[in-house]
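Please keep the sequence and the model in view while reading.

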Amino acid sequence: MSADNLSRDLYSALCGIPLIDPHSHIDPLAPVAKSLDDILGYHYYTELAHSAGMSHEPLQREVSARDRVRAILGHMGRFDNTVQYAWFVQIAREFLGFTGDKVTVADADALFDAGQKAFAQPDWEKQVLQKSKLEAIFLTNEFDDSLDGFDTRKYVPCLRTDSIVFHLDKPKVRERLADATGVEIGDAQSLRKAIWKLFAHFKAKGAKACAISLPPDFEPFKLAESELDRAIRALAGDSTLAKAVFGGVQFAKSIAGAGHATPQAAVAAGAFWMLAEHCREFELPFDLMIGVNRKVYESGVYQGQDLFDRRTSLIQYRNLFNAFPDVTFPISVLTTGQNQELVAYSWIFPNVVTNGHWWYSNIPAYIRRDLGERLQAVPKTKQIGYYSDAYKLEFVLPKYNMYRRVLADTLADDFVRPGRLSETEAVALGKRILRDNVREIFDV
Amino acid sequence: MSADNLSRDLYSALCGIPLIDPHSHIDPLAPVAKSLDDILGYHYYTELAHSAGMSHEPLQREVSARDRVRAILGHMGRFDNTVQYAWFVQIAREFLGFTGDKVTVADADALFDAGQKAFAQPDWEKQVLQKSKLEAIFLTNEFDDSLDGFDTRKYVPCLRTDSIVFHLDKPKVRERLADATGVEIGDAQSLRKAIWKLFAHFKAKGAKACAISLPPDFEPFKLAESELDRAIRALAGDSTLAKAVFGGVQFAKSIAGAGHATPQAAVAAGAFWMLAEHCREFELPFDLMIGVNRKVYESGVYQGQDLFDRRTSLIQYRNLFNAFPDVTFPISVLTTGQNQELVAYSWIFPNVVTNGHWWYSNIPAYIRRDLGERLQAVPKTKQIGYYSDAYKLEFVLPKYNMYRRVLADTLADDFVRPGRLSETEAVALGKRILRDNVREIFDV
Amino acid sequence: MSADNLSRDLYSALCGIPLIDPHSHIDPLAPVAKSLDDILGYHYYTELAHSAGMSHEPLQREVSARDRVRAILGHMGRFDNTVQYAWFVQIAREFLGFTGDKVTVADADALFDAGQKAFAQPDWEKQVLQKSKLEAIFLTNEFDDSLDGFDTRKYVPCLRTDSIVFHLDKPKVRERLADATGVEIGDAQSLRKAIWKLFAHFKAKGAKACAISLPPDFEPFKLAESELDRAIRALAGDSTLAKAVFGGVQFAKSIAGAGHATPQAAVAAGAFWMLAEHCREFELPFDLMIGVNRKVYESGVYQGQDLFDRRTSLIQYRNLFNAFPDVTFPISVLTTGQNQELVAYSWIFPNVVTNGHWWYSNIPAYIRRDLGERLQAVPKTKQIGYYSDAYKLEFVLPKYNMYRRVLADTLADDFVRPGRLSETEAVALGKRILRDNVREIFDV
């Protein structure tokens, strides 16, 4: 059997495993595309088109969906080398009856029309779920998202907490939090009460994880309750406190070092730690997505403004990992350079597990490298293979296919060909990281 | 067709594409070697020989070229595993009629003599250009280099600006600048005037780029004109200003953080920003070569003293990239660890493009990795594949051959074998990054 | 010949080369296992089992060896994907007559019994040495280890200096040092005298290297003798000195920057520099193992608590490398991200050589990458291929086999298949980095 046949056979076997996708941005009330615009409006396409020369003009609200699709396809020839382009071709082929190998601007109208027809089918959502062998998919819920009106065993709630940690200084966020919980945030105790209520609500609705994305310089630490108190009061309006309390003297060196000598930073630290405490109490894994800087490219397209400083380290999380042995932390890192730390920390800390291939690392070159490292050195029960991060269900299939191809190659090269595993055993290892671990770690 | 045949066919097709080499250190008045000493005097060989045990003695001026060649070849057996050795064997075979597979010290005299004969041919330059299919090659010009006496469409001027940014504190540099422009540098306005004159002159002579190499901790920012003024005056001799003005208080936090609280650092920041403004005005790309520390090994051979601190990030350039959307920044990074940032920043910022494989990353292992990542995630129109960095034209061929081999392997493995491109399409993709983008980005 | 055959032939030829293992933790008076517990008690197994869910309970002293083995094997099914598991299967097959492909908890008793029988053979040590083709192996000796009672040409002493540099603040360490040398440590001069005596003793006993492991933020520099004096006096008990002398003012900026403004840090810097001076005087290489943070996971198993901050750079060692051109520094780095610096610094500095694949980088994925880079760019005479880091001799064989497999693949892919070396030449290159360089660099 040739090398390619082995890899193809493994891929084919892996494709038969039903999926539970542990991270996405699906709207459970509108999980599938309504128009091709919903597909090509995915930020990967708008940002690549913009980066390759497209102005902001076609992205204005007043431009018709058809014209926007044409504009983006009109720039695709400049990035048809990318894996994101390959996802789109596969969507066109799998879901829109497209039979070609390349999509160009000449296909714009035909594809748009095919989309209108396909997406209008009353059972479209069901078709996509079946074709994708997708059993369940995790959501990314703001704390005040409604969790009603959908099957939470299929669309699994997950409490996303970026705004609680990083945006409590915004009156609007505190207002929303008060509306959601009935608790006005004025000090540490009220914040704790509000967070407890959120967790109780989400847990009751079947939430399976708490999640957050973190900037590269974030360093969790336990803030004294009294300092959190004063910090929240400073944020919440008592401006006389800001300077008096947070001049840097009261904070430990580690805080100043990590740039925490502001009320906002103090609240971030305190709120984050409080979330971890509630993950412990409510027995929820805490997904950490580490390393993103927001709004780096100020004139970027929507969701296409974020980049990073690769100089970050999991050593910043040592206090957290030590303080919460009973909380499982599925960790996503933004860059392949962070993967060796993730491997080593997962190999040593019982409560640290590897989680997928995030964003700028979600291309075959990085997945191959990071996955190969993980499979050689991290216990197989501590690896969550992949998540789609999709905004519409149609992306689950091509993204998982990309991952499954890399997984098949890796199993073939590193396990079957060197004689360490049979094909059947290799597929079982694949199933463990694709599916079994998601079930066990998130208790699905 | 076997895997190797595919890769070989692609390589062969890529070798047929005429080259425009967008970065070198060629002297247009002495572009080719005059003796084998000019080849083996390339710092790669002197530093490897020295690192492997050769003293400084054979490098002294009074040693004859023949003896120096013998000394370096005498140490080559200790580094005949390196890719730099492979370049030399190829030069010997392609240009000196050498027919062996290995070069040893026993070949020293024969090769030296063959060199004397070959290099003395009156049409040697033409022969090398033809054999290398080299149409044009960019120079690295000091601001006061003469741009006369050669065909600037073949030897394309490029304004190198390290000395303007980092050495204005040296009276000799200010003198040279005054000689070149007729402007005495005494304040911000006179610096601006001098730089404008340089750009006008270079542009008139057909320059196609401005370029600079930068230390790992450099962080561009816009300095207030008044502060640049005072900084230049401090540098230019008004020593009473140094302490008064640059005690750190007047500088923004970002300056102090980046170690800019000296007049010299302030001038560096101000001059750099001014260069970017002139790139915008004169519509020239600004090549940034990021990450080198000069003179780390103090007793190293000539040009063999520079190393680096890999802890650098493109986040340091966020202000620059945001402030100059109309300037194209072809970015070279020194380490493969920086490549993912380069990929991500090029994928997001329209004005950031990837540029070649620089110096310590210019070996197949790093090129393969970095190129593979770029081809999967950066729009193909935003990738400048390679430059030779050569000091003599004879190096263009072996260095590009090394790159073309890696490019052929990458196209075979990542595009043709997985069925994403046909062979013909793969060669077209290769041509785009080898040639088309150089023409379009630098307007050649 | 198929690709696999080439790689297998090279592997087989490499396996015939007798080994000199330049770094281990072997106890020369108990070099081999006495029970399977000695094998599975290796921290790789205890930490992986613990990370995969095993409590500390089976590791308590009062638990029987047989029960502990059963507990660890009981968790192995959760990490049978790892390369460490593969080492164990190989040990079972090579040394314990095991004939299966997988080891499970069902094999616990049989393997334990087989171990009791095998390890009890009076010539077991000799058998292991012969089977492993191991001629000599370096030890890791505390300064007060006895160097008597064993053949120091087979078990080569090596002075490990972590405690001298980092733990002189502990009275117990100063006491031990006084006992070993007859010198009470009270100032710089007495420390120098004690270190001189240690070196003289170790050198007389056939020591071939001085070694140390260093945290990621360590930055060597030459401390003024008078400051070292005061720092030692502060450590040694004169507490009134601590604040007066080490307020930061007396230290150069680089010291404060690296966090050296404590007596302890000052002593570390001073003692380290002194060790380098003695390496020069006694003509011993100074092995630097760079990048480990101790006790990061506070509740980890014995030797399973250490991790790292990957943000470290060899630029921190520029002063050291420049100051000691006559001392050879074999450098081990903890992460693959540091490898490019190691490649570049070895390529430039005559006194820097690459040394093995340490700890968290000692898995095939990282070895393949790091080795490939080194072989393309570092003089072949400056590369120490591998060391086992073993605590018991039984680990030398499986660990070197892992390395030899990767080496064979690398030679096949990067040298033989591209036509750069014949198979015979490739094996010679392998022998150079596996054996010849160990002999030459350590003068064995």
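## A glutamine with positive phi

At 26% relative accessibility, B:Q303 counts as partly exposed, a class that lies between buried (under 20% relative accessible area) and exposed (over 50%), computed with a 1.4 Å probe on protein chains only. B:Q303 is found in the loop between β6 (286-290) and α15 (318-323) of chain B; helices (H or I, at least four residues) and strands (E, at least two) are DSSP runs, numbered from the N terminus. The phi of B:Q303 is positive, near 65 degrees, in a residue other than glycine. Most residues other than glycine have a negative phi.

## Basis of the model

This is a predicted model, in which local features need pLDDT of at least 70 and side-chain atom pairs count only at pLDDT 80 or more, while totals for chains, interfaces and linings use all residues. Residues are numbered from 1 along each chain as its sequence is written, chains are lettered from A and ligands numbered from 1 in the order in which they are written, and side-chain values use heavy atoms, with hydrogens and water left out.

## A tryptophan in chain A

A:W359 also has a positive phi, of about 55 degrees, although it is not a glycine. This tryptophan is placed in the loop between β8 (352-355) and α17 of chain A. A:W359 is buried, its relative accessible area being 8%.

## The interface of chains A and B

Contact (heavy atoms within 4.5 Å) joins 43 residues of chain A to 38 residues of chain B. Together the two chains bury about 3200 Å², 53% of it on carbon and sulfur atoms; buried area is the accessible area (1.4 Å probe) that two parts lose on being put together, summed over both. A:S51, A:N81 and A:R310 supply 23% of the area that chain A buries against chain B, more than any other three residues.

The rule finds four salt bridges across this interface, each a side-chain nitrogen of Lys or Arg within 4 Å of a carboxyl oxygen of Asp or Glu. A:K102 forms a salt bridge with B:E425, with the closest N and O atoms 3.5 Å apart. The elements giving two or more residues to the side of chain A that touches chain B are α3 (43-51), α5 (83-95) and α17 (364-377) of chain A. Of these, α3(A) gives the most, with five residues.
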